[in-house]
Amino acid sequence: MKYAHIIGWGKYTPERILTNDEMSTMMDTNDEWIRSRSGIGARRWARKDETLADMATASAVAAIEHAGIVVSEIDMVIVATATAIFPATACIVQDRLGIPNAGAVDLVVACSGFVYSLAMAGDMVKAGSKNCVLVIGVEKLSPMMNLEDRGTAVLFGDGAGAVIVRGSAQPGGILASVLYADGSGGDDLYLNDKRHLVMNGREVYKFATRAMPAAAKEVMSKVGWRSAQVDLLIPHQANIRIIESASKVLGIPMEKVFVNIEKYGNTSAASVPLAICEAVDQGRLRSNDKTILVGFGAGLAWGAVAIVWDVPHPSSKTKQVLNRAAYNGAKVRSRFKRALRQLSDKLSNRSDKK
Ligand SMILES: CC(C)(COP(=O)(O)OP(=O)(O)OC[C@H]1O[C@@H](n2cnc3c(N)ncnc32)[C@H](O)[C@@H]1OP(=O)(O)O)[C@@H](O)C(=O)NCCC(=O)NCCS
């Protein structure tokens, strides 16, 4: 039997920190309102010239280094993002990292995107169709904020988090998942024609307080865990009140719930992997911990994953050197392939004219 373990994790957060006080210089709001209604104290905003692929690649490099693998081991790249572009960010990441033999796809399930992607990566690895999957959650939501809509603009931020999921014979890792959607609620949270995020906050709040505990409960029952056995719940960081409500319903005390919404706000698909990285850094996520990840958001969509956290992998200096060479080589390889494509285009045009 094959298992799917998370063996590496990494994050990237843009440098620019926007505090609530700074938000209140842009619109009619204040720190007290934002904190008491959402638990958010600040958020990160990416630079204008900082792309989704830049952020995704930075988090991926950190995860690869942590995992102690060489990039050529990766055979699939999944990028969860609500801010999808064309071509897929996953393809840009694959090219930038010089991953030679991998599929690459973007998954657009907004705030549930990372949980969906992780569940799918786990299933691919367990089924044997892929063995080493790079899963990234990345968002650049700041350009989608309508600064005239204070109820929404104060809640969201930018960032990226990545994990490496790899096959192993050792029991544990990603054990089970549940994934759901209800498209009839699509107009509660969507991008309008101006590419501004529009939200019916009250409806989304009601949905989230129902969906989050329901998904967590179902995945717990799939793996046979009682609330008391869960070591850490890592929920999507949308609103502290939603998280506290779920903690009560589930009977999992807040000491066993990871929260970092104060620093980043709602980073949609990036929120769960960012939380994973910080939970590990803070010693809140340890080997063999029974962990539940939950996502919910636009779609409407929601889901949960049950994981037994893996033993940390030692990173390897030699592999790091090899990877750095691969990243540098990737630029050259990409340019060479482009030039080759242009040349073959010219040649075929010439032979067409003859
Ligand atoms: C958005 C949310 C924080 C609003 O909280 P709320 O308690 O429902 O607040 P309301 O929308 O009822 O607004 C209450 C008042 O605050 C005002 N208000 C809204 N945004 C404000 C802001 N940023 N600053 C100050 N006042 C604000 C409203 O205008 C309203 O004023 P009024 O009573 O004079 O009309 C809450 O509905 C929520 O968290 N929803 C879920 C959002 C979410 O998690 N989305 C992502 C899911 S992935």
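Predicted model: local features only at pLDDT ≥ 70, side-chain atom pairs only at ≥ 80, totals over all residues.
The ligand is a handy place to start. It is surrounded by 20 residues, and the closest are Thr-29, Gly-201, Tyr-205, Ala-238 and Gly-297. Sorted by class, the residues around the ligand come out as 10 nonpolar, 7 polar and 3 charged.

The largest nonpolar core runs to 115 residues, and the ones with the most contacts inside it are Val-77, Ile-78, Val-79, Ile-136, Ile-164 and Ala-216. Ala-216 shows what such a spot looks like up close. Setting aside residues up to four places away in sequence, Ala-216 touches Leu-233, Ala-246, Leu-250, Ile-292, Val-294 and Ala-304.

Ala-102 sits in the loop between helix H4 (89–97) and strand S5 (103–107). Is Ala-102 buried or exposed? Ala-102 has 21 C-beta neighbours inside 10 Å, and the cut-off for burial is 20 or more, so Ala-102 counts as buried. Residues up to four places away in sequence aside, Ala-102 is in touch with Ile-74, Asp-75, Met-76, Val-77 and Gln-94. Leu-322 is 220 residues from Ala-102 along the chain, and 18 Å separates the C-alpha atoms of the two.

H4 also takes part in a helix pairing. In general, a pair of packed helices is described by the angle between the axes and the distance between them. For H4 and helix H11 (residues 317–353), the angle is about 110 degrees and the axes are 6 Å apart. Angles of 65 to 115 degrees count as roughly perpendicular, so that is the label for H4 and H11. On the H4 side the contact is made by Asp-95, Arg-96 and Leu-97, and on the H11 side by Tyr-327, Ala-330 and Ser-334. The residues of this contact divide into 3 nonpolar, 1 polar and 2 charged.

Arg-47 lies in the loop between strand S3 (42–45) and helix H3 (52–67). With 13 other C-beta atoms within 10 Å, Arg-47 is partly exposed. Apart from neighbours within four places in sequence, Arg-47 is in contact with Pro-14 and Arg-16. Between the C-alpha atoms of Arg-47 and Asp-352 there are 45 Å, with 305 residues separating the two along the chain.

Lys-263 belongs to helix H9 (residues 261–264). Lys-263 is partly exposed as well, with 18 other C-beta atoms within 10 Å. Which residues does Lys-263 contact, leaving aside its neighbours within four places in sequence? They are Gly-41 and Ala-42. Although Lys-263 and Ala-42 are 221 residues apart along the chain, their C-alpha atoms are separated by 5.1 Å.

The bond from Phe-86 to Pro-87 is cis, with omega near 5 degrees. Pro-87 is in the loop between strand S4 (76–80) and H4. Gly-299 and Leu-300 are likewise joined by a cis peptide bond, here with omega at about -10 degrees. Leu-300 has its place in the loop between strand S12 (290–297) and strand S13 (301–308).

Positive phi values are the other thing to look for. Arg-195 is not a glycine, yet its phi is positive, at about 60 degrees. Arg-195 is in the loop between strand S9 (189–191) and strand S10 (197–199), and with 10 other C-beta atoms within 10 Å it is exposed. Asn-288, also a residue other than glycine, has a positive phi near 70 degrees. The loop that holds Asn-288 runs between helix H10 (271–281) and S12. Asn-288 has 11 C-beta neighbours inside 10 Å, and 12 or fewer counts as exposed, so Asn-288 falls in that class.

Technical notes. Residues numbered from 1 in each chain as written. Near = placed C-beta within 6 Å. Nonpolar A, V, L, I, M, F, W, Y, C, P; charged D, E, K, R; others polar. Helix = DSSP H or I, 4+ residues; strand = E, 2+ residues; numbered from the N terminus. Contact = placed C-beta atoms within 7 Å. Core = buried A, V, L, I, M, F, W, Y, C linked by C-beta atoms within 7 Å. Axes fitted to C-alpha atoms, helices over the stretch in contact; angles between N-to-C directions. Parallel < 35°, antiparallel > 145°, perpendicular 65-115°, else oblique.
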